[in-house]
Amino acid sequence: MTAESVIEVRELVAHYGSRKILDQIDMTVRSGEIMIIMGGSGSGKSTLLRHLLGLNKPTAGSIRLLGTDITQTTVAEAHELRKRMGVAFQGGALFSSMTVGENVKLPLREHAKLDEATMNIMMRLKLEVVNLGGFEHLMPAQLSGGMIKRAAVARAIIMDPKLLFFDEPSAGLDPVVSAELDELILRLRDAMKMSIVVVTHELDSAFKIADRITVLDHGRILMTGTVDEVRGCDNTRVQDLLNRRPRADDIDADEYLQRLTA
Amino acid sequence: MAEDPNNALTASVEHLGRATVEVIEEFGYYFLLFFESAYWLLFGAFQKQPVRLPSVFGQMMTIGIAAIPIIFILSFTIGVMLAIQGIHTLKTFGAEEQVVVGIALSVMREFGPLITAIVVAGRSGSALAARIGTMQVSQEIDALRVMSINPVRYLASPVLAAMLLMVPALAFLSDLAGLLGGAVFTNLELGLSYSAYVDRALEALEADDVMQGLIKAMVFGIIITVIGISNGFEVKGGAEGVGKATTRSVVLSISYIVIADMLFTYFLNR
């Protein structure tokens with residue numbers, strides 16, 4: 001593996017029960033780039049993310065994050081690796097029993113031996129980064145959708161990770177807030193030199209922030225390329241996705257009848 | 001359409017087999033969860049992932065201290081009830097005075113731990129399943145895992161520690177409340193003085209009776225923890241799933257508590 005790449009996925013195959021969700025996925029994310037994983041619903045992009053995060057075990061293949069193969073690590077190695085990555089979940093996944101500040105401080109409290117005052121300063125710094133300065137005493141239930149997502153980002157970056165993951169950052173947000181989040185993702189990459197993986201189906205946001213885009217469909221990678229390459233791609237499925245065209249799958253009459261009468 | 005009897009037979013055997021495997025699997029999961037929680041309690045500190053004392057104390061407050069009033073009231077009532085029944089039954093033999101022995105033994109060995117366990121299962125077992133189930137649904141458990149905070153260590157171990165300490169403590173409180181209830185009623189009904197009641201109760205009781213009750217209470221605490229938490233972790237399918245898990249954990253906890261109680265009583269009294 002080159003020194004440049006922070007994620008290397010090789011021949012990843014994943015099943016959900018007996019259904020194949022991911023098929024022969026090969027993917028590389030270079031250091032300092034923003035990689036967008038794009039695809040429609042059911043394309044397997046969320047499953048791919050769960051595998052990258054080590055939440056699901058693949059059927060076959062290898063996933064290297066920052067040089068560690070997460071499909072065969074020891075608990076201690078996984079522990080060290082996870083301290084160097086951050087994740088902003090779709091719904092924020094803030095702990096509802098804790099204040100925003102406590103949420104952001106949680107990784108520090110668990111993994112670093114720091115005194116309370118230092119942790120508080122670090123927590124406020126990160127909240128300022130995501131424009132939530134002064135909100136640390138609120139409970140997650142008191143925040144709006146966009147604020148929850150930004151607080152989740154603050155928690156994800158509290159340990160200054162090398163690698164940052166976003167799951168559907170703009171889902172359920174209005175265009176303005178969504179654009180602010182895009183700006184934030186770009187700023188994090190530029191100011192903190194993070195490598196960022198974003199899973200999304202929002203085209204505007206994807207084209208705005210992406211260095212490269214991986215398009216998934218039915219568990220396979222259709223293509224990987226820069227924004228221009230994706231726009232210029234002549235694959236029909238890619239163009240369907242870009243132009244919001246409904247799928248033009250051919251219907252097999254016999255199969256259709258059989259499904260109805262089964 | 002007539003069914004092939006062979007098919008129906010194999011189908012029912014297959015169904016039975018699957019159900020058995022599921023039950024065994026679930027029990028395996030319970031034991032795994034228990035050992036993992038205990039492991040983090042004992043060795044977490046050496047892995048730089050200690051179980052935090054404040055969260056243990058927090059759990060002790062909600063599981064233990066907050067349950068004191070209801071357990072006191074219920075146990076007191078059970079004590080009174082035992083006295084009423086005992087006096088009524090023993091009247092036939094003209095041996096009402098012996099009621100103290102009956103109350104003391106049954107409260108210490110059975111009712112104290114059982115009432116406590118049922119109340120704790122209803123209050124805290126359901127709350128555990130609901131809390132962890134909701135966290136599962138809102139991806140908070142995933143968030144813990146990617147932050148390299150072991151969910152069992154962070155969520156289950158403090159509860160296990162709190163249960164192991166508080167359920168026996170509550171059971172002992174329940175013992176005392178039950179005895180008090182019995183004392184008040186026998187005093188009113190038979191005019192037996194409190195000091196005579198205490199003397200007779202102490203005469204009837206041995207340390208072993210109290211120990212039996214407290215050991216049972218500990219086991220009940222483990223049952224409530226493991227069932228509440230495993231049902232929470234297993235939640236699928238949103239709010240409805242959380243509701244199901246909550247109900248299931250209470251029903252299962254109480255059933256297993258009663259069964260475990262029976263087995264314990266049988267083996268400890270051989």
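Reply: Happy to, and keep in mind that this is a predicted model.

Me: How do you know how far helix α4 of chain A reaches against what is expected?

Reply: Helix α4 covers residues 116-129 of chain A, which is 14 residues. The expected span is 1.5 Å times one less than the number of residues. For α4(A) the expected value is 20 Å, and the helix reaches 20 Å from its first C-alpha to its last, close to that expectation.

Me: What makes the buried residues of α4(A) line one face of the helix?

Reply: The buried residues of α4(A) are A:M123, A:K126 and A:L127. Seen down the helix axis, they fall within an arc of 100 degrees, so they line one face of α4(A). These buried residues pack against α3 (100-111) and α5 (145-156) of chain A. On the face turned away from the buried side, α4(A) carries the exposed residues A:A117, A:T118, A:I121 and A:E128.

Me: Why is A:V9 called buried?

Reply: The cut-off for buried is 20 or more other C-beta atoms within 10 Å. A:V9 has 22 of them within 10 Å, so it is called buried. A:V9 is found in strand β1 (residues 5-16) of chain A.

Me: Which residues is A:V9 in contact with, leaving aside its neighbours within four places in sequence?

Reply: A:V9 is in contact with A:I25, A:D26, A:M27 and A:I63. Also, A:V9 and A:S62 are 53 residues apart in sequence, with their C-alpha atoms 5.9 Å apart in space.

Me: What makes β3 and β8 of chain A a pair?

Reply: Strands pair if there are at least two bridges between them. Strand β3 (residues 34-38) and strand β8 (residues 195-200) of chain A have 5 bridges, in the parallel sense, so they count as a pair.

Me: Why do β6 and β10 of chain A stand at the edges of their sheet?

Reply: The open sheet has 6 strands in the order β6-β7-β8-β3-β9-β10 (chain A), with mixed pairing. β6 (85-88) and β10 (220-225) each have a single partner strand, so one side of each is left without a neighbour in the sheet. Neighbouring strands here are turned by 15 degrees against each other on average, direction ignored.

Me: Which strands does helix α1 of chain A lie across?

Reply: Helix α1 (residues 45-52) lies across β3, β7 (163-167), β8 and β9 (212-217) of chain A, and runs at about 150 degrees to β8(A).

Note on methods
Residues numbered from 1 in each chain as written. Chains lettered and ligands numbered in written order. Predicted model: local features only at pLDDT ≥ 70, side-chain atom pairs only at ≥ 80, totals over all residues. Helix = DSSP H or I, 4+ residues; strand = E, 2+ residues; numbered from the N terminus. Buried ≥ 20, exposed ≤ 12 C-beta atoms within 10 Å, placed from the backbone. Contact = placed C-beta atoms within 7 Å. Axes fitted to C-alpha atoms, helices over the stretch in contact; angles between N-to-C directions. Arc of directions from axis to C-beta.
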